[in-house]
Amino acid sequence: MKTNLNIMRKPFLHLLLGVLALSACNNPKKKEFKIHHSHDWSDRATTLNPSDSLQGGVTYLSVYSEIYSYTAELTFPLTATVSIHNTSLTDSVFIKKADYYNTDGKLIRSYVENPIYVKPLETLQIVIDETDEEGGTGANFIFDWAVQKESNEPYFEAVMISTSGQQGMSFTTKGVRTK
């Protein structure tokens, strides 16, 4: 059977030209990711007076900047988003301390130097970058907080996520009140 190559080339050429035309319509720029520095809360600093009759507490939150994968010698890095939720409809929550500790219980950094407020129904976030492995496989936060008497306590949670190739994982942790 004899084939005419010119007939076979035309549909391929039309397909190629169509793909090129469609790709020319797309924006050739790479997608830029927004870097959000979530721990600059200087604009929400506040002073707490002992006469304010606030009720205080301390909450522990486990956070994983990496987890073991396959063996005890291989770890998988994660991005952690720590959320500080104010569940009150009417009252602010006051965060007096947000300290990040590594697996060995050694303080890595403090995110709150002076008390800050979290408005009703507002959420503040701290992001531990995937490349930040200081925390290790057993990192945690200690939050020292205060609320008006009879007001809702703050709610603390962390979402850890990572993707590599076609593999992805994510999970959450919730804060536990210790005092």
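Keep in mind that the model is predicted.

**The sheet**
- Four strands come together here as an open sheet, in the order β8-β4-β10-β11, and their pairing is antiparallel.
- The edges belong to β8 and β11 (167-174), each of which has a single partner strand, so one side of each is left without a neighbour in the sheet.
- From one strand to the next, the twist averages 15°.

**Strand β8 and its partner**
- Strand β4 (residues 79-85) runs antiparallel to β8, and six bridges join the two.
- Strand β8 (residues 123-128) has a covered face made of L124, I126 and I128, while T123, Q125 and V127 make up its uncovered face.

**The nonpolar core**
- The largest nonpolar core contains 28 residues, and I95, F141 and F143 have the most contacts inside it.
- Seen by element, those giving two or more residues to this core are β1 (54-63), β4, β5 (93-101), β7 (116-118), β8, β9 (139-148) and β10 (155-164).
- Strand β9 gives the most to this core, with five residues.
- Leaving aside residues up to four places away in sequence, F143 touches G57, V58, T59, L61, V82, I84, K97, A98 and F156.

Technical notes
Residues are numbered from 1 along each chain as its sequence is written. This is a predicted model: local features need pLDDT of at least 70, side-chain atom pairs count only at pLDDT 80 or more; totals for chains, interfaces and linings use all residues. Side-chain values use heavy atoms; hydrogens and water are left out. Buried means under 20% relative accessible area, exposed over 50%, partly exposed in between (1.4 Å probe, protein chains only). Two strands pair if DSSP finds at least two bridges between them. Axes are lines fitted to C-alpha atoms, for helices over the stretch in contact, and angles run from 0 to 180 degrees between N-to-C directions. A nonpolar core is a set of buried Ala, Val, Leu, Ile, Met, Phe, Trp, Tyr and Cys residues joined through side-chain atoms within 4.5 Å. Contact means heavy atoms within 4.5 Å.
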